[in-house]
Amino acid sequence: MKLDSTNGDAKPSGSFTEGGGAADDDDVLVPPLNFAVVDNGIFRSGFPEPANFGFLKSLHLRSVICLCPEPYPEHNSEFLKANGIRLFQFGIDGCKEPFVNIPEDTIREALKVLLDVRNHPVLIHCKRGKHRTGCLVGCLRRLQRWCLSSVFDEYQRFAAAKARVSDQRFIELFDISCLKHYPLSFSCSRK
C-alpha cells in the first residue's frame, strides 16, 4: 500500500484489473509455492515462476540449487544472470512410489554446495518443493543432529498427503559420515 499524499489515506498501490489483481505488481512480493526458511541463508520452495522474481530478488540470493533434471527455463536463467545468482543443477527424476530412486551421490554433491556458506543465501527447489527438496533438507537436518522424528515431521509438513515412506527411509539411511568434516556455520548448528 502507498500513502495518498493528498489526504493521508492509505490506498492500494497500482491499479486493479477486472479479476481483482494489481496491474502494477512492482510492489507485490509473491513467494514461490511451499516457500520456507530452512536456516540462516537457506531457503526452500517449489519451482519459482516469473511472478516470484521480485520476492526472490528481496532475498539477495547468491545461489539456487535446482533438483529437477529438465533444462532450466530461459526466463528463470535470465533472472539469475541479471541478478548475479549462480545455478547449481542436480537432476533428480521426480519418480513416484514404489519406483523412487534417489541417487545418494547426487544428494551428497548438493549438500556440499549447500554447506558452503560462500553460496549463501541459497534457495533449494524442485518442482513442488516437497519430495526431492524434502530429502535434501532432511539430510541437512541429520547433519545438524536433529532427531529423526523432527526431521520426519518437517518432511511431512511440506509433503502433506503425498509423504513417501521411501523418502523418509532414504533420509534415515543416508550416510552423513563423509560430510561431517564440513563446517556447519549457520544457526541450527550453533550450540
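1. In this note a residue is called buried under 20% relative accessible area, exposed over 50%, and partly exposed in between, with a 1.4 Å probe and protein chains only. By that scale Asn34 is partly exposed, because its relative accessible area is 23%.

2. The structure is a predicted model, in which local features need pLDDT of at least 70 and side-chain atom pairs count only at pLDDT 80 or more, while totals for chains, interfaces and linings use all residues. Residues are numbered from 1 along each chain as its sequence is written, and side-chain values use heavy atoms, with hydrogens and water left out.

3. Asn34 sits in the loop between β2 (10-11) and β3 (36-39), where helices (H or I, at least four residues) and strands (E, at least two) are DSSP runs numbered from the N terminus. Not counting residues up to four places away in sequence, Asn34 touches Arg44, Ser45, Gly46, Arg128, Gly129, Lys130 and Phe158, contact meaning heavy atoms within 4.5 Å. The side chain of Asn34 also reaches the backbone oxygen of Arg128 at 2.8 Å.

4. The largest nonpolar core has 42 residues, and those with the most contacts inside it are Ile65, Leu67, Ile107, Leu111, Leu114 and Leu136; such a core is a set of buried Ala, Val, Leu, Ile, Met, Phe, Trp, Tyr and Cys residues joined through side-chain atoms within 4.5 Å. Among the elements that each supply at least two residues of this core are α3 (104-115) and α4 (131-143). Leaving aside neighbours within four places in sequence, Leu111 is in contact with Leu136, Cys139, Leu140, Leu143, Phe174 and Leu179. A second, separate core of five residues includes Phe152, Tyr155, Ala159 and Ile171.

5. Asn119, in the loop between α3 and β7, is buried with a relative accessible area of 10%, and, not counting residues up to four places away in sequence, Asn119 touches Arg62, Ser63, Phe88 and Val113.

6. On the helix pair, Leu148, Val151, Phe152, Tyr155 and Gln156 in α5 meet Asp167, Gln168, Ile171 and Glu172 in α6.

Definitions and conventions. A polar contact is a pair of N or O atoms within 3.5 Å; within protein, one must be able to donate a hydrogen and the other to accept it, and residues adjacent in sequence count only if both atoms are side-chain atoms.
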